[in-house]
Amino acid sequence: MFESLSERLEGAFKQLKGEGRISEINVATTVKEIRRALVDADVNYKIAKEFTDRVKDKALGEKVITAISPGQLMVKIVKDELAELMGNTEVEVDLKANPTIILVAGLQGSGKTTFSGKLANFLKTKKARKPLLVAGDIYRPAAIDQLKVLGEQIGVEVYSEPENKNAVEIAQNALKHAKQNGNNVIIVDTAGRLAVDETMMTEVANIKAAINPQEILFVVDSMTGQDAVNTAKTFNDRLDFSGVVLTKLDGDTRGGAALTIKYTVNKPIKFVSMGEKLDTLDVFYPERMAQRILG
Ligand code: GDP
């Protein structure tokens, strides 16, 4: 994950190796390298520039600490700033309501259905909840089957109405069903399109209005870089979601989406998905991610 970014940052820090102290000149060169590395990792230039300006100010503002070298100092500053950029501390899903209603939205292929299964599994095994999965994608019959297969694998009930073409009604009926059956969480998987489109947005907004979810999780494929960030912005303007799920972090993703989504929409990344297996869902820890990037 983010190998190229990690390598490039390491290269930038090497420039400070052997330096006895931080100076304007060596900081300027290092910071320039860091900025280039971020831009090449698909971080928007403005965000990369603000980031490195902060790093520079911090580095030059540091008093001479004899115990640590300029290289180590720079690594620490960059690590702290990366964590800050990604939100600093983890934010958990809010599970207080009974039932807790979680709406899952995103583009087709982003990994919504897979994530819904993973989340149900996570809530069942790690949080001792009794989830109900709801098949809300009324356009692709295969989506219902896909969710049913996932549900069977993890032993979680899947609610579907294959004949009903009204996603709002399905969600409302599922909620009634959950209340009757003692499900304390319902996860509504919604339909996605290949690009942002008005029908999809209206439908998700209508489901939101009808069932009033405590959590709206926006699922996005981290491999799509800045496109992911732009899509997040569009969904957030319309849905005001509560958190982001970054999928496919196991792939050859450069890092731009992970690093800048929080900054752009001011919503926390709550989960990351790193594979197709159902137990590969992780709570997102910005600090750990920053540590991982710096190796
Ligand atoms: P949806 O259309 O948004 O519901 O997306 P799906 O859940 O059907 O996922 C689309 C494709 O991406 C499928 O082939 C999934 O197996 C795959 N996928 C989903 N999440 C991940 C992930 O975290 N890592 C990888 N490598 N593949 C994933």
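User: How much of the protein counts as buried, and what makes a residue buried?

Analyst: Of its 295 residues, 52% count as buried. The cut-off is under 20% relative accessible area. Keep in mind that this is a predicted model.

User: How many helices and strands does the protein have?

Analyst: There are 11 helices and eight strands. The C-alpha atoms fill a box of roughly 70 × 35 × 30 Å along the principal axes. Take contacts between residues at least 6 apart in sequence: 78% of them join residues at least 24 apart.

User: Which residues make the contact between helix 4 and helix 11?

Analyst: Helix 4 supplies Val75, Val78, Lys79, Leu82 and Ala83. Helix 11 supplies Pro286, Glu287, Ala290, Gln291, Ile293 and Leu294. By class, the contact of helix 4 with helix 11 has eight nonpolar, one polar and two charged residues.

User: What makes helix 1 and helix 11 roughly perpendicular?

Analyst: The axes of helix 1 (residues 3-14) and helix 11 cross at roughly 70 degrees. Roughly perpendicular runs from 65 to 115 degrees. The value falls in that range, and helix 1 and helix 11 are therefore roughly perpendicular. Their axes come within 8 Å. On helix 1, the contact uses Leu5, Ser6, Leu9 and Phe13. On helix 11, it uses Arg292, Ile293 and Leu294. The contact of helix 1 with helix 11 has five nonpolar, one polar and one charged residues.

User: Why are helix 5 and helix 6 called roughly parallel?

Analyst: Helix 5 (residues 112-126) and helix 6 (residues 141-154) pack at about 25 degrees, with axes 10 Å apart. Angles under 35 degrees count as roughly parallel. The pair meets that cut-off, so helix 5 and helix 6 are roughly parallel. Helix 5 passes helix 6 in a right-handed crossing.

User: Which residues of helix 5 and helix 6 meet?

Analyst: From helix 5 come Thr113, Thr114, Ser116, Gly117, Ala120, Asn121 and Lys124. They meet Ala143, Gln146, Leu147, Leu150 and Ile154 in helix 6. The contact of helix 5 with helix 6 divides into five nonpolar, six polar and one charged.

User: How do you know that arginine 254 is partly exposed?

Analyst: Its relative accessibility is 48%. Buried means under 20%, exposed means over 50%, and partly exposed lies in between. Arginine 254 therefore counts as partly exposed. Arginine 254 sits in the loop between strand 6 (243-247) and helix 10.

User: What is arginine 254 in contact with, leaving aside its neighbours within four places in sequence?

Analyst: Those contacts are Phe2, Leu5, Asp40, Ala41 and Asp42. Arginine 254 and glutamate 3 are 251 residues apart in sequence, but 7.7 Å apart in space, C-alpha to C-alpha.

User: What makes the backbone at asparagine 88 and asparagine 266 worth a look?

Analyst: Most residues other than glycine have a negative phi. Phi of asparagine 88 is near 70 degrees, a positive value. Phi of asparagine 266 is near 55 degrees, also positive. Asparagine 88 lies in the loop between helix 4 and strand 1. Asparagine 266 lies in the loop between helix 10 (256-265) and strand 7 (269-273).

User: What makes the peptide bond from asparagine 98 to proline 99 cis?

Analyst: Its omega is near 0 degrees. Most peptide bonds are trans. Proline 99 lies in the loop between helix 4 and strand 1 (100-106).

User: Where does UniProt place the feature "domain: SRP54-type proteins GTP-binding"?

Analyst: The unreviewed UniProt entry places it at residues 268-281. Over residues 268-281, the chain is 0% helix and 43% strand. The end C-alpha atoms of that stretch are 16 Å apart.

Conventions: Residues are numbered from 1 along each chain as its sequence is written. This is a predicted model: local features need pLDDT of at least 70, side-chain atom pairs count only at pLDDT 80 or more; totals for chains, interfaces and linings use all residues. Side-chain values use heavy atoms; hydrogens and water are left out. UniProt positions are given in the numbering used here, feature names are shortened, and annotations may be inferred rather than shown by experiment. Helices (H or I, at least four residues) and strands (E, at least two) are DSSP runs, numbered from the N terminus. Contact means heavy atoms within 4.5 Å. Ala, Val, Leu, Ile, Met, Phe, Trp, Tyr, Cys and Pro count as nonpolar, Asp, Glu, Lys and Arg as charged, and the others, Gly among them, as polar. Axes are lines fitted to C-alpha atoms, for helices over the stretch in contact, and angles run from 0 to 180 degrees between N-to-C directions. Angles under 35 degrees count as roughly parallel, over 145 as roughly antiparallel, 65 to 115 as roughly perpendicular and the rest as oblique. Buried means under 20% relative accessible area, exposed over 50%, partly exposed in between (1.4 Å probe, protein chains only). A crossing is left-handed if the near helix is turned anticlockwise from the far one by less than a right angle, and right-handed if clockwise.
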